[in-house]
Amino acid sequence: MPPAPLHKASSVATHLIHKCAATTSLREARQLHALLLTTPPTPTESPLFINNNILSMYGRCGSLADSQQLFDTMPQRSVVSYNALISAYSRNPRHAHLAFLLFDQLENDSLVPNGSTITSLLHASAGLGNLFVGSSLHARCVKAGLSDNVLVQTSLLGMYSSCGDVVCAKNVFGHLMDKDDIAWNSIISAYVKNGKILESLEIFRSMLRNGANPTQFTYSLALTACAKSEDYDSGKLIHAQVLLSGTQIDLPLQNSLLDMYCSCNDTHTAYNVFLRIKNPDLISWNSMIGGFSENGDANKAMCMFIQLMQISYLQPDEYTLAAVISGTCEFPARSYGKPLHARTEKTGLGGNSMHIRSSLISMYFINNDPLSSQNIFGSFPNNDAVLWTDMIAGHVRIGDSENALNFFHEMSKQCVNLDSFALSSALSACADLVTLRQGEMIHCLAVKTGNETEVCVHSSLVDMYAKNGELESATCTFSRLPKHDLMCWNSMLTGYSHHGKADEAFRIFFKMLKHGFKPDPVTILSLLSVCNHCGLVETGRFFWSYMEENCLRRGPRHYSCMISMLSRGGLWEEAEEMIMESPFVDDYLEYWRTVLSSCIKNGDLGAGIRAADRISRAGVEDSAANVLLSKIYAATGRWGDVLETRRKMKKLTVEKEAGLSWVEVRNNFHVFSSSDGSCMQNAEMRAELDKLLGNLMPVAVEEIVGV
């Protein structure tokens, strides 16, 4: 068969090379490679030119093995050959380090790197997060006269952004003469990635002032910044600008809108955006489910999850399940949490996902099932700091602060990184246990790990010192923080309230208002508590009315404070009216017990009898209530009722629970009560006490032992 004409062979080769530049399929790439090997070369297209095109094609298809194999067999290589393979390696973070080995080989072959070489190497540095190498490449760019290359400058922006050096990224951006949309996007992305949210929005506004046209990606970045800062007004303005500019709203931009509205608590608008998405992807569904969950609308979160389950082409991932578990954790575990837990096991996602495990641990703690939480935590050998923190915070939540500290100590022994949330939870446990020494030790750890300046740690420190009676230390800690959040103000307020410092508490409250903070129910609870302790009835009424005027929800503890304050002030009728107004039926017995106790102390037997009758009618077997009933009946001479109450107590083997005390010795807590002989060192303690009594004056001994 005669050979193909030269012009025909040339056109075939040219066509195949054009195909190489367009394909992304590895199978097709290998077929094209085979065809080019069997096609005669042409004078205009050298073997080096053809091999470079094949090399670029394999790199674009993601086949590093094919690229390297071809590169190794090439008889001749140019800078373009090296650039093609360096670019392929730089796009894969796992193999990015090999790009630098190729760079050394390029220089050993006496070839001169160009802008494309440096661009790929900067991309590799960004993938590795190696700022030192990236900065060295920057210096090389300046030395080689490549610092004015637009592609190199954009790559430098991306590298500094990925490595967390926003200052250098800003300097590079400032030297750009022609700032295109890629440059603007790179600098905005740098600020968003590194937590400089307000600055990123300011740069976005600067972009608009400079007449640059934002792209879909630009708008997505700006909306992400609004979501992170919960800047609802700016988010709505950007949404309006997208609509007015006529920008085509693609799926990533729609997902950014969903995220912004959900983060700003406007799930209604978010859902309207969701309904307009023609083909929502899993990110869209996850945004809506997460949005409903975080905003306390568990029913809608569950409905969205059920709808998602009915779509055949989408399967829930770990983020979906974590979001729906978190959203429904307030519901009974047997109805929602456990079936969802079973689903995570069935799909195989539960064992590999820290997000799901964290949500399950929190869900079981909220349902007061610490054993299930411990089983999940213990079933995996390598738990990260988030799961350790979940266990510490969970035990604090259910009032088991001793176990919370045990987990914290174990976390420290396992050399797990102690972050601000773990330290904050441990300090909360110390506050609940009123253990100052351990709190001070954790304070030292916070300083040592550089977490002392974190707002959550600072707030917990204030709370811990305040509850331990160290108000001076609490005030000092509070004053050292340059910026306070509401939680920090509440911690200081609670400390003064806890110790009956009414004037100081009111001063903190008005200072808080002056700084622009709006009180929440916790703030008012502390103020009502100090009014109760100090008998400030009128002031208490003011704060009670303040809650209604400012639409703050009154909880059972707010009612308890008011009822106690009114009872102590002898305002029995008002206290009874408030009990009847309270929507918290489960707390009625506690409220009446509070009234009854105050009646006994103040000697108001008439009101006490009414409270006693209310407790009797409740028919609840309660030791404290029965003891109080017996006292009020005895004080009014109703001996028949006294005998009946005591008979009931005896029948039910009801005893008044003994008060407990505890002491901390060498990081161990010892709990004891009056006449408690259970301690193994009881005899030694009594011998030591006798020795101490022998050293006292006779009068003092008589006072102590009651002789």
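Reader: What kind of crossing does α13 make as it passes α15?

Author: Welcome! In this predicted model, the crossing of α13 past α15 is left-handed.

Reader: Which residues make the contact?

Author: From α13 come Q216, Y219, S220, L223, T224, C226 and A227, and they meet P252, L253, S256, L257, D259, M260 and S263 of α15. Sorted by class, this contact has eight nonpolar, five polar and one charged residues.

Reader: Why give both an angle and a distance?

Author: Because two packed helices are described by the angle between their axes and the distance between the axes.

Reader: Now to the largest pocket: how much space lies in it, and which residues lie nearest its centre?

Author: The space comes to about 950 Å³. Its lining has 29 residues, and K467, T494, V522, L525 and R557 lie nearest the centre.

Reader: Which elements give two or more residues to that lining?

Author: They are α25 (420-433), α27 (455-467), α29 (486-498), α31 (521-534), α33 (556-568) and α35 (588-602). The largest share, seven residues, comes from α29.

Reader: What makes up the lining of the largest pocket by class?

Author: There are 15 polar residues, along with seven nonpolar and seven charged ones.

Technical notes. Residues are numbered from 1 along each chain as its sequence is written. This is a predicted model: local features need pLDDT of at least 70, side-chain atom pairs count only at pLDDT 80 or more; totals for chains, interfaces and linings use all residues. Side-chain values use heavy atoms; hydrogens and water are left out. A crossing is left-handed if the near helix is turned anticlockwise from the far one by less than a right angle, and right-handed if clockwise. Helices (H or I, at least four residues) and strands (E, at least two) are DSSP runs, numbered from the N terminus. Contact means heavy atoms within 4.5 Å. Ala, Val, Leu, Ile, Met, Phe, Trp, Tyr, Cys and Pro count as nonpolar, Asp, Glu, Lys and Arg as charged, and the others, Gly among them, as polar. On a 1 Å grid over the protein atoms alone, a cavity is a set of points where a 1.4 Å probe fits but cannot get out, and a pocket is an open set with protein on both sides within 12 Å along at least five of seven lines; lining residues have an atom within 4 Å of a point. Grid points are joined across faces, edges and corners, and a volume is the space filled by probe spheres set on the points.
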